[in-house]
Amino acid sequence: HAFENIQAIRWIFLLGPLFLLCVMVNVLPRETELWAIGTMLGVAILGWALPKLYVASQARERRSEIERSLPDVLDMLNMCVSQGMTLVTALKRVTRELRPVFPALSQELRIVAEQAELGTMDQALSNFSRRVDAPDVHSFTSLLIQTERMGTSISVALGDYAENMRESLRQRAD
């Protein structure tokens, strides 16, 4: 119910100052009415906009954290898969191991593993790509979907992709 909750907060922050404005206009002297109206309308507009801006900021921060942690997760997945684990088992293992270090990506990979058990890996990875709208995640999920469909070595693909991502991060930092 997160969407409904944020919408309710926005409406409360919009209507609260407007209600206060109605009360204040009746109580304040005439000379300060214009100032009070302007102030309360400004507060109402801020009350409407700030929750959405806050959520957008949190989403941007989470997406950035996921992008920064993806190369390390790819290495862990590569180690697990190269030792004979299936991709779902490797995802579960990596999720457990990296929960304290990378909580956001760990949570997302846990969802992927659960969805893969209930449905197909392709569907779970597509859902992951839709939930986390980041280019690196889109590439990662496309890579896994392709290797799964083609039957090629996931281990080799993960190793190469992790190295490419690190190089990309270095270039962005430069």
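Select aspartate 122 and arginine 149: their side chains meet in a salt bridge, 3.2 Å from N to O. A salt bridge here is a side-chain nitrogen of Lys or Arg within 4 Å of a carboxyl oxygen of Asp or Glu. The pair links distant parts of the chain, with aspartate 122 in helix α5 (residues 121–131) and arginine 149 in helix α6 (residues 135–150), 27 residues apart. Helices are DSSP runs of H or I with at least four residues, numbered from the N terminus.

The model is predicted: local features need pLDDT of at least 70 and side-chain atom pairs count only at pLDDT 80 or more, while totals for chains, interfaces and linings use all residues. Residues are numbered from 1 along each chain as its sequence is written, and side-chain values use heavy atoms, with hydrogens and water left out.

Colour the pair by accessibility. Aspartate 122 is partly exposed at 22% relative accessibility, whereas arginine 149, at 57%, is exposed. The cut-offs are under 20% relative accessible area for buried and over 50% for exposed, with partly exposed in between (1.4 Å probe, protein chains only).

Next, select arginine 62 and glutamate 108, a salt bridge whose closest N and O atoms are 2.9 Å apart. Arginine 62 is in helix α2 (residues 30–82) and glutamate 108 in helix α4, so the bridge ties together parts 46 residues apart in sequence. Arginine 62 is partly exposed at 29%; glutamate 108 is buried at 7%.

Now show helix α3 (residues 87–98) with helix α4 (residues 103–118): their axes come within 9 Å and cross at roughly 155°. Axes are lines fitted to C-alpha atoms, for helices over the stretch in contact, and angles run from 0 to 180 degrees between N-to-C directions. The two helices are therefore roughly antiparallel, a label for angles over 145 degrees.

To see the contact (heavy atoms within 4.5 Å), select Val88, Leu91, Lys92, Val94, Thr95 and Leu98 in α3; among the residues they meet in α4 are Pro103, Leu109, Val112 and Glu117.

Finish with lysine 92 and glutamate 117, whose side chains meet in a salt bridge at 2.0 Å, N to O. Lysine 92 lies in α3 and glutamate 117 in α4, so this pair ties together parts 25 residues apart in sequence. Lysine 92 is partly exposed at 35%, and glutamate 117 is partly exposed at 48%. A search of the whole structure finds eight salt bridges.

Methods: Angles under 35 degrees count as roughly parallel, over 145 as roughly antiparallel, 65 to 115 as roughly perpendicular and the rest as oblique.
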